[in-house]
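Subject: Structure handover

Hello,

Here is the structure I promised to send over. My notes on how its parts pack together follow below.

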Amino acid sequence: MDGSAIDPTVLRPPIEDAAIERIAPAELRTRLQALREDGYMMLLDLGAVDYPQRVPRFDVVYHLLKMPVAAATPDQIGTPQRYRLLCGVPIENLSLPTITDLWRNADWAEREVFDLFGITFEGHPDLRRIQMPTHWEGHPLRKDYPLRGPAKERSPRPPFANKSNLVAGTPPSGRTAEALQQQVALRQAQDRKEEPKA
Amino acid sequence: MPLEPQGSQVLAQDGNAMVLSMGPQHPSTHGVLQIMLEIEGESVVKAEPEIGYLHTGIEKSAENLFWTQAQTVIERMDYLAPESNSLCYALAVEKLLGITDRIPERAQQIRVIVAELTRIASHCVWLGTHGIDLGALSIFFYCFDLRENILDVQEAAGGARMHPNYVRIGGLQADLPDGHVERLDALLKKFPTRMRELRAILQKNPIWQDRTIDVGTVTPEQAVAWGLTGPALRASGIAYDVRKAFPYSGYENYKFDVPTRTEGDAYARFVVRLDEMEQSMRIVQQARDAMKAGPIMIDDAKIAPPPKEAIALSMEALIHHFKVVSEGIRVPPGDVYQAIESPRGELGYYVVSDGNNKPFRVRTRPPSLYNLQALKGIAPGNLIADLVVMIGSLDPVFGEVDR
């Protein structure tokens, strides 16, 4: 076993899409600052990945691009260098320092990681949910979050929908299996009562 | 969404400032954008865009579909340029599979044609709606007429107007139908006339210039700080184009310019996009001339299902077809970042595979998200009426912003 089933990033296929570095949360800010001084002026993206079986469980991935900050022609741009920084975040301490003071566009990206993975960013000026409603519970892009969401969050169906679903034998969405069993039992009891009349 | 306005808590309510919620049903906010505005009289003191009204969980859905199926939902992110999404995703998966060099040449040429046509179609929607925002109604009909012609060509090739899912992992879904080159030629013939009309209506139009010149000016420093890409970055003077910087699908074989302006205002972004449409047509012309007959899908039964004709004759082909369809393809473990130049800027996919038949994680770098975020920096100090111009000139697509 090479461990790639638990963490695919340990295997580096020969793909040269960027310079790649893995870093600890404590060194994150100093390293990013150093890269910024080195000319990586553009933060392209900031995202996260959840590896449920790995320690540390989450990866926050920073994509940087070496970019001049003054007007430039295509020849001056050439082939700018890409840099990918992966930072492991353990489930016990879901917190990273913010980089919104270095790159202003990290604002929404960090909010999105907070919203969908539950990783907080210390010092972020406005850390609120961004994609999900403000009162939502849970973090949908975690691997242990159910694909269709928690059943209690769904609004109840109108009675006719439940009835037709029951007839078809499929559970109406938003209801638990136990509730369905109870309803089926109730219906069967009703049917049994009505039988002698017919 | 909760009923109370989300951004109200971050806006100070003192002095003469008034808090105004613009959207999410405002016609000029292009879809479902809400902006919490702090205004003094007519001018904006602070603008806080609120997104998420169109969040559909595409990244989560993609993790629960086969590699090939995930492309269907991914294509619906940027619904104005669907082929950009599927092309970028296909390129990322091909990199992981290690088959980037084995994609047939004809498939790559057709991919370029499709990607450039979708760019023009997307810019047509942008210009049409931008014109409506500013009160230039007729431009909408000129743009949508051209867009409809392009969608007809797209439909003939892929079978659907909006989301053809024509680009597939390993090549293309099918070869171009008979008479397709003639259809392309008719489009190529019509295009210059239509572009002349668009320029004649708007580019020298004093009303249009009054509304857009010196509105929403972005300096190169600001553009880089906010992570702007695409026409918005190039209008600020930085000629970064993924097609030139990191060529893919054989873009290095085509001659085209990267239009730039240095003003960085809404008018500059307008001119850059118009110039870009002409460059796109130039690329389409070159790719059309270079096209030769040949295969359009990689010859590897583990990745692409064998052609229908082979299935009737070969047991092995039938088994492969069954396996690819019912079980999906398997992609070696690893992670990769692949970017392309979408109509809105650098569209990137950070794809992680754990060796299974489903993607482990598909993280999108949506250009619209970062372009729209810059509104926080450029809107303050401008009039509300100009805010509409700025939103239009940044060209956000909410399927992509919210995903």
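Helix 2 (residues 67-74) and helix 3 (residues 82-97) of chain B have axes that come within 9 Å and cross at roughly 155 degrees. Angles over 145 degrees count as roughly antiparallel, so helix 2 of chain B is roughly antiparallel to helix 3 of chain B. The crossing of these two helices is right-handed. Please keep in mind throughout that this is a predicted model.

Which residues meet where helix 2 of chain B touches helix 3 of chain B? Helix 2 brings Trp67(B), Gln71(B) and Ile74(B). Helix 3 answers with Asn85(B), Ser86(B), Tyr89(B), Ala90(B) and Val93(B). By class, that contact has 5 nonpolar residues, 3 polar ones and no charged ones.

Helix 4 (residues 105-133) of chain B packs with helix 16 (residues 384-394) of chain B. Their axes are 9 Å apart, and the angle is about 175 degrees. That makes helix 4 of chain B roughly antiparallel to helix 16 of chain B. From helix 4 of chain B come Thr129(B), His130(B) and Asp133(B). They meet Val388(B), Gly392(B) and Ser393(B) in helix 16 of chain B. The classes here are 1 nonpolar, 4 polar and 1 charged.

The chain B sheet

In chain B, 3 strands form an open sheet in the order 6-7-8, with antiparallel pairing. Strand 6 (334-342) and strand 8 (361-365) of chain B are the edge strands, and each pairs on one side only. From one strand to the next, the twist averages 15 degrees.

Strand 7 (residues 345-353) of chain B is joined to strand 8 of chain B by 5 bridges. One pair to look for: Val351(B) has Val362(B), in strand 8 of chain B, as its bridge partner. Helix 3 of chain B comes back here. It packs on the sheet and touches strand 6 and strand 7 of chain B. The direction of helix 3 makes about 150 degrees with that of strand 6 of chain B.

The chain A sheet

Chain A has an open sheet of 4 strands in the order 1-4-3-2, with mixed pairing. Its edge strands are strand 1 and strand 2 (42-50) of chain A, each pairing on one side only. Neighbouring strands are turned by 20 degrees against each other on average, direction ignored.

Two helices pack on this sheet. Helix 1 (residues 28-37) of chain A touches strand 1, strand 3 and strand 4 of chain A. Its direction makes about 175 degrees with that of strand 4 of chain A. Helix 3 (residues 106-117) of chain A touches strand 2 and strand 3 of chain A. The direction of helix 3 of chain A makes about 5 degrees with that of strand 2 of chain A.

Now the pairings that involve strand 4 (residues 82-89) of chain A. Strand 1 (residues 19-23) of chain A pairs with strand 4 in the parallel sense, over 5 bridges. Here Arg22(A) stands opposite Leu86(A). Strand 3 (residues 58-65) of chain A pairs with strand 4 in the antiparallel sense, over 8 bridges. Two places to look: Val60(A) stands opposite Cys87(A), and Asp59(A) stands opposite Gly88(A).

Between the chains

How many residues of chain B are in contact with chain A? The count is 53 residues of chain B against 46 residues of chain A. Several elements of chain B give two or more residues to this side, including helix 1 (58-63), helix 3, helix 8 (220-225) and helix 14 (367-373). Strand 6, strand 7 and strand 8 of chain B are also among them. The chain B side divides into 24 nonpolar, 16 polar and 13 charged residues.

Domains of chain B

The domain assignment gives domain 1 (6-50) and domain 2 (58-402) of chain B. Their centres, taken over C-alpha atoms, are separated by 31 Å. The contact takes 15 residues from domain 1 of chain B and 16 residues from domain 2 of chain B. On the domain 1 side, strand 3 (residues 43-50) of chain B gives the largest share, 7 residues. That side divides into 7 nonpolar, 5 polar and 3 charged residues.

Best wishes

Note on methods. Residues numbered from 1 in each chain as written. Chains lettered and ligands numbered in written order. Predicted model: local features only at pLDDT ≥ 70, side-chain atom pairs only at ≥ 80, totals over all residues. Axes fitted to C-alpha atoms, helices over the stretch in contact; angles between N-to-C directions. Parallel < 35°, antiparallel > 145°, perpendicular 65-115°, else oblique. Contact = placed C-beta atoms within 7 Å. Nonpolar A, V, L, I, M, F, W, Y, C, P; charged D, E, K, R; others polar. Left-handed = near helix turned anticlockwise from the far one by under 90°. Pairing = 2+ DSSP bridges. Domains from an automatic or database assignment.
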